[in-house]
Amino acid sequence: MNVPPRNRIEVMHGVNLDQLARRPVEHYGGISFAALEREISRFASELDLIVRFFQSNYEGAFVEHLHGLEGMADGIVLNPGAWTHYSLAIRDALELTGLPAIEVHLSDVGQREEWRRVSVIGDLCVGRVAGKGVEGYREALRLIGQAVGSGS
Ligand code: DQA
C-alpha cells in the first residue's frame with residue numbers, strides 16, 4: 001500500500017512580523033512571533049501538513065526565498081505584512097513560483113486605513129484570511145491543504 005506524501009507548506013512572514021509582540025495589541029493580539037509559529041506548527045500537525053517557516057525584513061531576501069521554492073514546497077501561506085499593499089516585486093516572485101498560495105493577515109485589513117485595503121498579491125492567491133488573529137492561520141492551512149489536495 002502506498003502512503004501518500006504529506007504536503008509541504010512554506011509559511012512566509014514579511015516585514016515587521018518578527019516584532020509582533022511590540023505591535024498594537026488591538027490589531028495583533030499581543031502574541032509573540034515565536035508563539036505564533038508554535039501555534040502554526042500545532043495547526044499543521046493537526047492537518048497532517050509539513051510546514052517550514054521563513055521571515056525577513058528585507059524585500060530582496062523575501063523575493064529570493066520565493067525564487068528558491070521550486071521543488072521545495074507544494075503550497076505557500078504568506079503574510080507579507082506592509083509589502084502586501086505595494087510590493088510588485090514580491091507579486092512577480094510569487095507568480096513565478098507557480099504554487100498555490102493563501103494570503104493571511106492577523107488584523108482586519110479591510111477595516112483599517114484605506115491603503116491596507118489594497119493587496120497586490122490577492123488575485124494570485126487561491127484564498128485569503130484576514131482579521132481572525134492566530135486562528136486565521138488554522139483556516140489558511142486548511143485552505144492550502146485543500147488546494148494542494150490533502151485532508152479535508
Ligand atoms: C498585517 C497587516 C498589514 O497591513 C501590516 O502592515 C502588517 C501585518 C496583518 O497581519 O494584519 O504588518 O499583514
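Visitor: Which residues of helix α3 are buried?
Guide: Buried means under 20% relative accessible area, with exposed over 50% and partly exposed in between (1.4 Å probe, protein chains only), and helices are DSSP runs of H or I of at least four residues, strands being E runs of at least two, numbered from the N terminus. In this predicted model, the buried residues of α3, which spans residues 59-67, are Phe62, Val63, His65 and Leu66. Seen down the helix axis, they fall within an arc of 160 degrees, taken from the directions from the axis to the C-beta atoms, so they line one face of α3. Those buried residues pack against β1, β2, β3 (75-79) and α4 (88-97), where contact means heavy atoms within 4.5 Å.

Visitor: Which residues have the most contacts inside the largest nonpolar core?
Guide: In soluble globular proteins, nonpolar side chains tend to be buried together. A nonpolar core is a set of buried Ala, Val, Leu, Ile, Met, Phe, Trp, Tyr and Cys residues joined through side-chain atoms within 4.5 Å. Here the largest has 25 residues, and Ile9, Leu20, Leu36, Val77, Tyr137 and Leu141 have the most contacts inside it. Its largest share, 6 residues, comes from α2.

Visitor: What should I know about the conventions?
Guide: Residues are numbered from 1 along each chain as its sequence is written, and side-chain values use heavy atoms, leaving out hydrogens and water. Local features need pLDDT of at least 70 and side-chain atom pairs count only at pLDDT 80 or more, whereas totals for chains, interfaces and linings use all residues.

Visitor: How far does a polar side-chain atom of Asn79 lie from an oxygen atom of the ligand?
Guide: The distance is 2.8 Å for Asn79, and a polar side-chain atom of Arg116 also lies 2.8 Å from a ligand oxygen atom.

Notes:
Polar contact = N/O pair within 3.5 Å; in protein donor to acceptor, adjacent residues only side chain to side chain.
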